[in-house]
Amino acid sequence: MPSDTHRADERRFLDERGSSAALAPNGLNPATIMEKAVRERIVESYFWKEQCFGVNEADIVDRVVDHVSFIGGTYGVTQKPTPFLCLAFKLLQLAPDDSILEEYLSFGGDKFKYLRALACFYVRLTRRAENVYKTLEPFLEDRRKLRRKGRTGTSLTYVDQFVDDLLTKDRVCATSLWQMPKREILEDLELLEPRISPLGDIEDLLEDDDVDMNGGANEDARADSSDEEGLIEEEGSDRGRRRSSSGSSRRGDLRSRDRSRSRDDRDMDRSDGSSGDER
């Protein structure tokens with residue numbers, strides 16, 4: 001006999017779909033991807049009860065634009081869930097397909113940067129490893145700023161840094177991420193093509209750095225040698241000046257001595273002549 005009691009869709013998601021609904025593309029149960037304590041905080045939060053009831057995929061865009069001004073999991077002393085985390089849990093319930101996710105990711109501008117961050121977070125939670133890399137890696141070039149709120153307060157981050165955290169860390173936004181195989185393994189299995197960095201080949205960059213360092217060292221050595229040569233030349237010129245000045249002073253002293261001697265001799269001759277006349 002069917003029950004006349006109407007239950008909210010989030011309760012149905014937790015009670016029924018958690019065991020009977022289709023699994024996510026990566027094989028995980030969408031109702032249990034987040035920890036139980038986090039799920040309980042979400043469904044008991046004021047934002048979830050007011051803004052997330054009866055919401056579809058199109059309404060998610062409006063909710064993000066109007067209410068999401070920072071990313072994060074839980075914050076404050078009471079570990080209150082952020083609107084970002086509540087809407088991520090709502091996406092787990094709605095299970096949008098890839099075409100809708102592409103629309104979320106394609107929105108640009110500062111107005112929709114948190115929508116892109118939310119879609120990236122959902123892709124990391126539910127998609128297969130090769131699809132996660134293919135979908136998220138292009139956004140490693142997104143330099144838009146994001147606010148992050150956590151237990152210690154609010155900090156500044158960027159979209160590319162948030163995407164890098166999703167690809168490299170084990171826990172983001174109070175959610176334990178399922179462990180993906182490394183990119184090198186997927187490349188060996190020919191599931192992914194080798195990624196080309198926008199900066200170029202890393203080996204070429206290292207070689208260029210070595211060349212620049214060696215060139216700089218050679219230039220420094222040349223500059224040091226030229227400085228030493230300049231110092232030697234200056235010292236030689238100073239010595240020459242001192243020698244010339246000392247030689248000229250010595251010659252001047254000798255000349256003055258000769259002059260004084262000649263004067264003394266003349267005075268003595270005069271004195272001798274005067275004494276002879278008196279005799």
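How does L191 count at 39% relative accessibility: buried, partly exposed or exposed? L191 counts as partly exposed, because its relative accessibility is 39%, where buried means under 20% relative accessible area, exposed means over 50% and partly exposed lies in between (1.4 Å probe, protein chains only). The close-ups below begin with this residue.

Before you zoom in, please keep in mind that this is a predicted model, in which local features need pLDDT of at least 70, side-chain atom pairs count only at pLDDT 80 or more, and totals for chains, interfaces and linings use all residues. Residues are numbered from 1 along each chain as its sequence is written, and side-chain values use heavy atoms, with hydrogens and water left out.

**View 1. A nonpolar patch on the surface, formed by I185, L189 and L191.** Together these three residues have about 270 Å² of accessible area, computed by the Shrake-Rupley method with a 1.4 Å probe, with only the protein chains shown counting as cover for residues. Patches are made of residues with over 30% relative accessible area and no salt bridge; like charges are joined within 9 Å, and nonpolar side chains (Val, Leu, Ile, Met, Phe, Trp, Tyr) within 5 Å. L191 is placed in the loop between α10 (183–188) and α11 (202–278). Helices (H or I, at least four residues) and strands (E, at least two) are DSSP runs, numbered from the N terminus.

**View 2. W48 and F89, one of the aromatic pairs.** The structure holds five aromatic pairs. Rings of Phe, Tyr and Trp (its six-membered ring) pair if their centres lie within 6.5 Å; planes under 30 degrees apart count as stacked, over 60 as edge-to-face and the rest as tilted. W48 and F89 make a tilted pair, 5.4 Å from centre to centre and with 50° between the planes. This pair links distant parts of the chain, with W48 in helix α3 (residues 46–51) and F89 in helix α5 (residues 83–94), 41 residues apart. W48 counts as buried because its relative accessibility is 0%. F89 counts as buried too, at 0% relative accessibility.

**View 3. F84 and F121, a tilted aromatic pair.** Here the centres are 5.8 Å apart and the planes make an angle of 40°. Distant parts of the chain are linked again: F84 is in helix α5 and F121 in helix α7 (residues 113–126), 37 residues apart. F84 is buried, since its relative accessibility is 1%, and F121 is buried with a relative accessible area of 0%. Look for F162 as well: F84, F121 and F162 form one aromatic cluster.

**View 4. K149 and the rings of F70 and Y75.** The charged end of K149 sits over the ring of F70, 4.4 Å from its centre. The charged end of K149 also sits over the ring of Y75, at 5.0 Å from the centre of that ring. A charge sits over a ring if NZ of Lys or CZ of Arg is within 6 Å of the ring centre and within 35 degrees of the ring normal.

View 5. Side chains of opposite charge can pair when their charged atoms come close. The structure holds twelve salt bridges, each a side-chain nitrogen of Lys or Arg within 4 Å of a carboxyl oxygen of Asp or Glu. In one of them, D142 meets R144 at 2.8 Å, N to O, and both residues are buried. R143 forms a salt bridge with D160, with 3.5 Å between the closest N and O atoms. This pair links distant parts of the chain, from the loop between α8 (129–136) and β3 (145–150), where R143 lies, to D160 in helix α9 (residues 159–168), 17 residues away. R143 is exposed, with a relative accessible area of 55%. D165 bridges to K169, the closest N and O atoms being 3.7 Å apart. D165 is buried at 7% relative accessible area, while K169 is partly exposed at 44%. Elsewhere, salt bridges that share partners join E137, R183, E187 and R195 into one network.

**View 6. Helix α9 and its residue D160.** Seven of the ten residues of α9 are buried, so the helix is mostly covered. Among the buried ones are V159, F162, V163, L166 and L167. D160 is buried too, because its relative accessible area is 18%. Leaving aside neighbours within four places in sequence, D160 is in contact (heavy atoms within 4.5 Å) with F139, L140, E141, D142 and R143. The buried residues of α9 pack against α5, α7, α8, β3, β4 (153–158) and β5 (171–172).
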